[in-house]
Amino acid sequence: SLASQTIIMKTEESTLAFPQKKPSRAALFAAVLTKEGKCMANISWRRDVKNILYHYYENLHYLQTLENNLIYAQPPHREGGRSSGLADPTAVKGMLLDKGEIGRLKQQLAAVNKLLNQLESARRDAKYKRLLLEMVYFRRSHSLYGAAAYLGIPERTAHRWNAKILHALAEELGYFTEEEQPYLPRSSRI
């Protein structure tokens, strides 16, 4: 409509009238997302990373079950002569272990294990961060704010630690491209 066009034109004029004004991080990130008409980022990275943490122990057990079933499974007995498939069942099992769902699960579990190893550092607050992660994601016994109250830390600190943990795991899993790195929040040590 005409009213919305004038508002857009006015905001464009005001932006053009003040070129020395530095654009916000959100505006820069939005520009990266819509550059060349295509989405350059996985916007749902936070949800994906939370799901990986929520299902860590389940996925660990599931991966062990898949590998055991695959390794100890007997090849089907074939009647008759020639077959048109691969003759080496070990090669088939090796390909299945490296590719697909098993490979994806291994990558996710390795990233979480690396994060847990980083949290085992000698820092004073590392124990609290590990407990926060355990209570909120692994055991699901507390909300983020409930875990903060239980641990005796400010809610804002718990929120900041949670954001750093999620961001570090997303970086480890490769959710961000090189072009997006300058526009994302800087993560210091976890």
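I take contact to mean heavy atoms within 4.5 Å. The model I am reading is predicted.

**Entry 1: helix α8**

I looked up helix α8, residues 144-151. Which of its residues are buried? I found Leu144, Ala147, Ala148 and Leu151. These four cover an arc of only 105° around the axis, so they sit on the same side of α8.

The buried residues of α8 pack against α7 and α9. I then turned to the other side of α8, where Ala149 and Tyr150 are exposed. Just after α8, I noted glycine 152 with a positive phi of about 75°.

**Entry 2: helix α7 against helix α9**

I moved on to α7 (residues 126-138) and α9 (residues 155-173). How do their axes cross? They come within 11 Å and cross at roughly 80°. Angles of 65 to 115 degrees count as roughly perpendicular, so α7 is roughly perpendicular to α9.

I listed the residues that make the contact. From α7 they are Tyr128, Lys129, Leu132, Leu133 and Tyr137. From α9 they are Ala158, Trp161, Asn162, Ile165 and Leu166. By class, I get 8 nonpolar, 1 polar and 1 charged residues.

**Entry 3: burial in α7**

I checked burial along α7. The buried residues include Lys129, Leu132, Leu133 and Tyr137, and these four also belong to the contact with α9. Ala126, Glu134, Met135, Val136 and Phe138 are buried too. Just after α7, arginine 140 takes a positive phi of about 55°.

Methods
Residues are numbered from 1 along each chain as its sequence is written. This is a predicted model: local features need pLDDT of at least 70, side-chain atom pairs count only at pLDDT 80 or more; totals for chains, interfaces and linings use all residues. Side-chain values use heavy atoms; hydrogens and water are left out. Axes are lines fitted to C-alpha atoms, for helices over the stretch in contact, and angles run from 0 to 180 degrees between N-to-C directions. Helices (H or I, at least four residues) and strands (E, at least two) are DSSP runs, numbered from the N terminus. Angles under 35 degrees count as roughly parallel, over 145 as roughly antiparallel, 65 to 115 as roughly perpendicular and the rest as oblique. Ala, Val, Leu, Ile, Met, Phe, Trp, Tyr, Cys and Pro count as nonpolar, Asp, Glu, Lys and Arg as charged, and the others, Gly among them, as polar. Buried means under 20% relative accessible area, exposed over 50%, partly exposed in between (1.4 Å probe, protein chains only). The arc is that of the directions from the helix axis to the C-beta atoms.
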